[in-house]
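User: I'm new to reading protein models and I'd like to know how the labels get decided. Can you take me through some of them?

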Amino acid sequence: TKTTILTKMFTYFKNAIHNSPPAKDYLKSRNLDYTKLEIGYNTAQFHHGARKDEILIKSCMQVGLLYEAGINNRVGGQRYGAFGKYCIAFALKNKQQNITGLYFRSTINDKDQRHFYLKDREGLYPKYPEANTKKLILTESIIDAATLQQQEEITRQYTILSLYGTNGMTEEHTAAITELKQLDEIIFFLNGDEAGKAAVKKH
């Protein structure tokens, strides 16, 4: 299933961080501690070498982690491109806390290509809010949510949920929030720019 494939691949991405200086450097620059958070890194090597197994390739094609990229001129045969190459990865989870989507953030400073969601985006980050949530902080981005999660003073009192950008409140967010019967406060933690202010007003 999609969940099985994504869970397996996210575990692989998490393990890859330990041997990836670019990932560690990027996380350090964003003050994100991978020992406290569930973060992975996509070196785009998972389908090469001894791991080049057909089932893995077929599974990753199915969920959008690989795509066909012409013929391999050196050895012949199909060449594949990896989605989210050189990106840190975060897992999106469904109500049952299973991984149903992945978000990738490029570690390369490319202004046009920084954010990538796996196709058929499904799930919330870091997870669905607990039923007894009373105070909810909605952040503009996944990295904002990850940053707040590292602060115990915040997580003791507040539940954190990421939107997917200023216009990224999905039906899944709305449905999850509507189910919180004990909720008495929502805090919008969006950027203080015009887009952020307009989004807070709209929501």
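Predicted model: local features only at pLDDT ≥ 70, side-chain atom pairs only at ≥ 80, totals over all residues.

User: What makes Tyr103 buried or exposed?

Analyst: Its relative accessible area is 3%. Buried means under 20%, so Tyr103 is buried.

User: How do you know that the side chains of Tyr103 and His115 make a polar contact?

Analyst: The two side chains come to 2.6 Å, and the cut-off for a pair of N or O atoms is 3.5 Å. So 2.6 Å is within the limit, and the pair counts as a polar contact.

User: Why is the pair of Phe83 and Phe116 called edge-to-face?

Analyst: You need two values here, because a pair of aromatic rings is described by the distance of the centres and the angle of the planes. For Phe83 and Phe116 the centres are 6.0 Å apart, and the planes are at 80°. Centres within 6.5 Å make a pair, and planes over 60 degrees apart make it edge-to-face.

User: Why does Phe116 count as buried?

Analyst: Phe116 has 19% relative accessibility. The limit is under 20%, so Phe116 counts as buried.

User: And what kind of aromatic pair do Phe90 and Tyr125 form?

Analyst: Edge-to-face: their centres are 5.6 Å apart, with 85° between the planes. Phe90 is in strand β4 and Tyr125 in the loop between β6 and β7 (135–139), 35 residues apart. Phe90 and Tyr125 are both buried.

User: Which residues have the most contacts inside the largest nonpolar core?

Analyst: Leu32, Ile39, Ile88, Phe90, Tyr125 and Ile142, in a core of 32 residues. Helix α4 (142–149) is one of the elements that give two or more residues to this core, and α4 gives the most, with 5 residues.

User: How do you know that Arg121 lies over the face of Tyr117?

Analyst: Arg121 is at 4.5 Å from the ring centre of Tyr117. The distance limit is 6 Å, and the charge must also be within 35 degrees of the ring normal. Arg121 is listed as lying over the face of Tyr117.

Terms used. Residues numbered from 1 in each chain as written. Heavy atoms only, no water. Phe/Tyr/Trp six-rings, centres within 6.5 Å; stacked < 30°, edge-to-face > 60°. Buried < 20%, exposed > 50% of the residue type's maximum accessible area, 1.4 Å probe, protein only. Helix = DSSP H or I, 4+ residues; strand = E, 2+ residues; numbered from the N terminus. Core = buried A, V, L, I, M, F, W, Y, C linked by side-chain atoms within 4.5 Å. Polar contact = N/O pair within 3.5 Å; in protein donor to acceptor, adjacent residues only side chain to side chain.
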